[in-house]
Structure formats: structure tokens, C-alpha cells
Amino acid sequence: MKMVMCREATRLMSKRLDSPLGIQEKMTLKFHLAMCGACKQCNKQFQLMHEAGRALESQATIPSSDTDDGTDDTP
Ligand SMILES: [Zn+2]
């Protein structure tokens, strides 16, 4: 199997959050994570960030207050 660089591994981690990876990509990432401690940590961070992002999204249901003040039509 081809040796993947950290940059490619990181790209896959990021991509995985948006859409599921193909089997080849999954294998590539898994293989890299198995031998790269730095990317393992990075992967953890990605997952934490993703979960935090989801939590924020569910919280972001604050109604937008559209107040039409300060715009008096003074002749
Ligand atoms: Zn790496």
C-alpha cells in the first residue's frame, strides 16, 4: 500500500465530516492513523470539533429579531 502523507490524511479526516469516505479512502486513513500518532491526535480533534459544531448548530435556533427601528420616514 502506498504511504500517505499527513496532509492527505488530514484532508480525508476533514472530508469524512462532510461525506462518507470510499472504502479505499477509509483504508488509507486507517492505515495512516495506525502508524502516525500525530494524525491520530488530529483525528480526535476533528471528531471533537465536529461534535462541538453539531451542538452549536442545534443551539443556533435563536429567532432572528428583525426590529425595524430607527428608520423613521421623516419628510
Ligand atoms: Zn500523519
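Helices (H or I, at least four residues) and strands (E, at least two) are taken here as DSSP runs, numbered from the N terminus. By that rule the chain has three helices and zero strands, and along the sequence they follow the pattern α-α-α. The model is a predicted one: local features need pLDDT of at least 70, side-chain atom pairs count only at pLDDT 80 or more, and totals for chains, interfaces and linings use all residues. Residues are numbered from 1 along each chain as its sequence is written.

A residue is called buried if 20 or more other C-beta atoms lie within 10 Å of its own, exposed if 12 or fewer, and partly exposed in between, with C-beta atoms placed from the backbone. Buried residues account for 11% of the 75 residues in the chain.

**Packing of α1 and α2**

Helix α1 (residues 6-18) packs with helix α2 (residues 23-35) at an angle of about 125°, and their axes are 10 Å apart. α1 is therefore oblique to α2; angles under 35 degrees count as roughly parallel, over 145 as roughly antiparallel, 65 to 115 as roughly perpendicular and the rest as oblique. Axes are lines fitted to C-alpha atoms, for helices over the stretch in contact, and angles run from 0 to 180 degrees between N-to-C directions.

From α1 the contact draws on Ala9, Leu12 and Met13, and from α2 on Glu25, Thr28, Leu29 and His32. Two residues are in contact if their C-beta atoms, placed from the backbone, lie within 7 Å.

**Thr28 and Leu29**

Thr28 is found in helix α2, and Leu29 has its place in helix α2. Thr28 is partly exposed because 19 C-beta neighbours lie inside 10 Å. Leu29 has 22 other C-beta atoms within 10 Å, so Leu29 is buried. Leaving aside neighbours within four places in sequence, Thr28 is in contact with Val4 and Leu12. Leu29, not counting residues up to four places away in sequence, touches Ala9, Leu12, Met13 and Leu21.

| Pair | Separation in sequence | C-alpha to C-alpha |
|---|---|---|
| Thr28 and Leu12 | 16 residues | 8.7 Å |
| Leu29 and Met13 | 16 residues | 7.6 Å |

**Helix α3**

Helix α3 (residues 37-59) has 23 residues and reaches 33 Å from its first C-alpha to its last, close to the 33 Å expected at 1.5 Å a residue. The expected span is 1.5 Å times one less than the number of residues in a helix. Of the 23 residues of α3, the number buried is one, so α3 lies largely in the open.
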